Amino acid sequence: MKKGFVAVLIILAIVVLVSPAIVGRLAEETMSENIEWAVRESGEVSMSTESFSRGWFSSEGRHRFELQDGDLLLAAESLLGPLQAGELPVLIVDTKIDHGLIPVSSMSRERGSLAPGLGSAISRVSIELPDGEIIEIPGTIYSEIGLVGELRSTYELESGSSADGNTTATWSATNISIKTDPRTGEAAFDGNVGSLSIGGAAETMSLDQLTFEGQQQPTKFGLAVGEVAVELTGLSVTEGGIKIGGIETMSVNARSELDGSDFNAVAAASSVIHSVPQVGDVAIDLVFNMEGADAAALGRVQHALENAGSSPDPMASFYAMEQDVMQLFASGFAFNFERLDITLPSGTVAARMLFDFGEEDPATFDWTTLLLSTEASIDLSIPDEVVQLLVQTEPNIAMAIGGGYLVKRGDVYELEAELKKGLLTINGAPIPIPLGAVR
């Protein structure tokens with residue numbers, strides 16, 4: 001009994017005193033793997049390690065994250081104009097990792113825990129402005145590294161406020177969690193962003209609440225599948241106390257999955273947008289689905305589209321993906337907007353668009369055979385008041401009415417189009433398609 005007790009004490013001593021040095025190395029590598037995985041998945045952020053100091057029981061490091069070519073940079077340039085390196089803020093993350101199968105050193109800090117794992121970490125975030133000024137971001141990121149390398153991180157922000165000159169920011173409690181596994185690429189996330197207000201007497205941006213949750217996993221076809229749900233309320237911009245725009249509500253629910261080598265997806269979204277210039281308040285409601293798409297071809301097309309944005313010759317990228325696009329259509333799939341309603345102050349524009357691309361032999365497929373094998377229908381309804389407004393700004397609308405493409409029925413104009421076996425009909429009238437010109 002005594003020997004057994006001594007053996008247990010020795011094992012505990014090894015776990016507590018020796019494992020931090022061994023596990024510390026694993027924890028550092030695991031943390032780096034997760035960060036590198038996240039950077040690879042985004043494809044638009046570069047990461048560099050500014051410093052890393054490894055100790056026996058704990059290690060500390062600083063990582064820098066910078067925006068590179070991609071959609072986010074394009075969006076920033078659309079607002080700010082062309083940007084050069086060094087003209088955007090840099091995100092800085094300072095992290096302390098407590099090692100050990102039993103991370104005893106974590107007990108000296110907030111949220112410390114003796115839960116077994118490769119380690120636990122605490123991170124704080126700041127922003128470095130182009131002029132070198134560093135601004136600390138409120139809130140803390142708590143992370144736990146599991147025994148097999150999965151990383152669970154939670155960003156927590158308590159209610160508070162901050163003032164800088166004429167600008168004041170106030171916020172309520174926020175909690176965002178994410179779990180990643182670099183071995184499988186799987187990720188799960190959820191968050192609740194509380195009310196937020198930033199601005200001064202002249203202009204203020206505010207948010208009532210944002211919640212989201214979802215999960216995704218990669219596939220061998222280069223596509224990620226999973227589901228996501230987002231709910232946003234009360235995003236607005238005011239000038240002099242008058243609301244000049246924003247989103248009253250927005251809801252998005254989407255799910256995608258593989259059925260063998262086929263990719264299926266469904267999404268529903270709705271939003272109410274305030275004060276659209278020259279229009280007023282606008283509500284959008286849509287339901288979309290895709291079924292039976294060739295996952296391999298779709299993955300290659302998606303990859304090519306992502307690269308096209310940073311290519312010096314985007315058209316060359318589009319030409320390069322033509323064979324993959326043809327393979328996608330030759331394999332056949334359905335692509336539908338079951339509902340697409342846009343509600344304006346003058347009425348609701350309602351549309352329903354269904355496309356069913358039949359399967360064809362890839363060896364003989366061309367765009368003519370696509371037209372012959374496609375079954376499609378479009379139903380469109382536009383309120384008379386909206387049509388009259390459009391006629392004033394777009395003369396082609398009047399031509400569409402005169403040509404019978406838009407037919408007035410009651411207080412709305414309608415279009416009913418159908419394509420089947422190469423025959424196109426609009427409002428019951430056949431429309432010739434020059435198939436010989438489509439190659």
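User: What should I keep in mind before I start?

Analyst: Residues are numbered from 1 along each chain as its sequence is written, and side-chain values use heavy atoms, with hydrogens and water left out. The model is predicted, so local features need pLDDT of at least 70 and side-chain atom pairs count only at pLDDT 80 or more, while totals for chains, interfaces and linings use all residues.

User: Let's start with the helices. At what angle do α7 and α8 pack?

Analyst: Two packed helices are described by the angle between their axes and the distance between the axes. Helices here are DSSP runs of H or I with at least four residues, strands are runs of E with at least two, and both are numbered from the N terminus. The axes are lines fitted to C-alpha atoms, for helices over the stretch in contact, and angles run from 0 to 180 degrees between N-to-C directions. Here, α7 (residues 384-393) and α8 (residues 395-402) pack at about 120°, with axes 5 Å apart. That makes α7 oblique to α8; under 35 degrees is roughly parallel, over 145 roughly antiparallel, 65 to 115 roughly perpendicular, and the rest oblique.

User: Which residues of α7 and α8 meet?

Analyst: With contact meaning heavy atoms within 4.5 Å, V387, L390, V391 and T393 in α7 meet P395, I397, A398 and I401 in α8. By class, that contact has seven nonpolar residues, one polar and no charged. The classes: Ala, Val, Leu, Ile, Met, Phe, Trp, Tyr, Cys and Pro are nonpolar, Asp, Glu, Lys and Arg are charged, and the others, Gly among them, are polar.

User: Now the rings. How many aromatic pairs are there?

Analyst: A pair of aromatic rings is described by the distance of the centres and the angle of the planes. Rings of Phe, Tyr and Trp (its six-membered ring) pair if their centres lie within 6.5 Å; planes under 30 degrees apart are stacked, over 60 edge-to-face, the rest tilted. The count comes to eleven aromatic pairs. One of them, F189 with F212, is tilted, at 6.4 Å centre to centre and 40° between the planes. F189 sits in β11 (residues 186-193) and F212 in β14 (residues 209-218), so this pair ties together parts 23 residues apart in sequence.

User: What about F288 and F335?

Analyst: Their centres are 5.2 Å apart and their planes at 70°, so the pair is edge-to-face. It links distant parts of the chain, F288 in β18 (residues 280-294) and F335 in β19 (residues 333-344), 47 residues apart. F288 and F335 also belong to one aromatic cluster whose members include F329, F357 and W367.

User: Is F288 buried or exposed?

Analyst: Buried means under 20% relative accessible area, exposed over 50%, partly exposed in between (1.4 Å probe, protein chains only). F288 is at 18%, so it counts as buried, and F335 is at 25%, so it counts as partly exposed.

User: And which way do the strands around β18 pair?

Analyst: Two strands pair if DSSP finds at least two bridges between them. β17 (residues 262-276) and β18 pair in the antiparallel sense over twelve bridges, with F263 opposite A293 in β18. In their hairpin, which has three residues between the strands, Q278 takes a positive phi near 65°. β18 and β19 are antiparallel too, over nine bridges, and V287 stands opposite R339 in β19.
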